[in-house]
Amino acid sequence: MRKFNKFYFDVLCFAITVIAVVLLIPVTLQVFARYTSIIPTWMWTEEAARFCLVWMVMLGAAIAVRKNMHFNIDLLPEPKTPQGRILARMLVNVAVAVFGGALLWISAIYTYDARTEVSEITEMSMALMYISFPISAAGWLLFLGEQMFDDITELMRSSQ
């Protein structure tokens, strides 16, 4: 599982790098079209930038979960014992996993329903944009499963 997660993480990092480079093209064209008359104002650039941005955010969310850099809110006091810290981390991971599972389920249905919708300008299937949500949620669950396995192993070792 670790090898697959590492491979999937590497694919996500590569994909987000490619998307960031691709995002530069429509944004640069938009800037030049707005302030110069060298190139015409193309409408597809705004839609392409929006698609790339959605993909970057969703893939970046999965990367953040893998690196344990996702958004955390400390509602409970800091645990004093190592076991308490592990249990608190597991509680956060379970909450993120529940949200990730719900996101995977709902976004998969939404993506399936959107397969007949097309974007306004390029007339591409909107499912091409929405598929980034279940891909990201699946990444969350994969990476959280690995982290929770590590937490359980660490908890078992510390209780001996």
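1. Start with Gln 83. Its relative accessibility is 27%, so Gln 83 counts as partly exposed (buried means under 20% relative accessible area, exposed over 50%, partly exposed in between, with a 1.4 Å probe and protein chains only). Gln 83 sits in helix H3, residues 82-113 (helices are DSSP runs of H or I with at least four residues, numbered from the N terminus).

2. A word on what you're looking at: this is a predicted model, where local features need pLDDT of at least 70 and side-chain atom pairs count only at pLDDT 80 or more, while totals for chains, interfaces and linings use all residues. Residues are numbered from 1 along each chain as its sequence is written, and side-chain values use heavy atoms, leaving out hydrogens and water.

3. Who does Gln 83 touch? Setting aside neighbours within four places in sequence, Gln 83 is in contact with Leu 155, Ser 158 and Ser 159 (contact means heavy atoms within 4.5 Å). Take Ser 158: Gln 83 and Ser 158 are 75 residues apart in sequence, yet their C-alpha atoms are 6.9 Å apart in space.

4. Now the rings. There are five aromatic pairs in the structure (rings of Phe, Tyr and Trp, using the six-membered ring of Trp, pair if their centres lie within 6.5 Å; planes under 30 degrees apart are stacked, over 60 edge-to-face, the rest tilted). Tyr 8 and Phe 143 make a tilted one, 5.9 Å centre to centre with 45° between the planes. Tyr 8 is in helix H1 (residues 2-35) and Phe 143 in helix H5 (residues 132-158), so this pair ties together parts 135 residues apart in sequence.

5. Ring pairs join Phe 4, Tyr 8, Phe 9 and Phe 143 into a cluster.

6. Check the charges over rings as well (NZ of Lys or CZ of Arg within 6 Å of the ring centre and within 35 degrees of the ring normal). Arg 66 lies over the face of Phe 9, 5.4 Å from the ring centre. Arg 115 does likewise over Tyr 112, at 3.8 Å from the ring centre.

7. Finally, back to helix H1: Ile 25 is found there. With a relative accessible area of 49%, Ile 25 is partly exposed.

Note on methods:
Helices (H or I, at least four residues) and strands (E, at least two) are DSSP runs, numbered from the N terminus.
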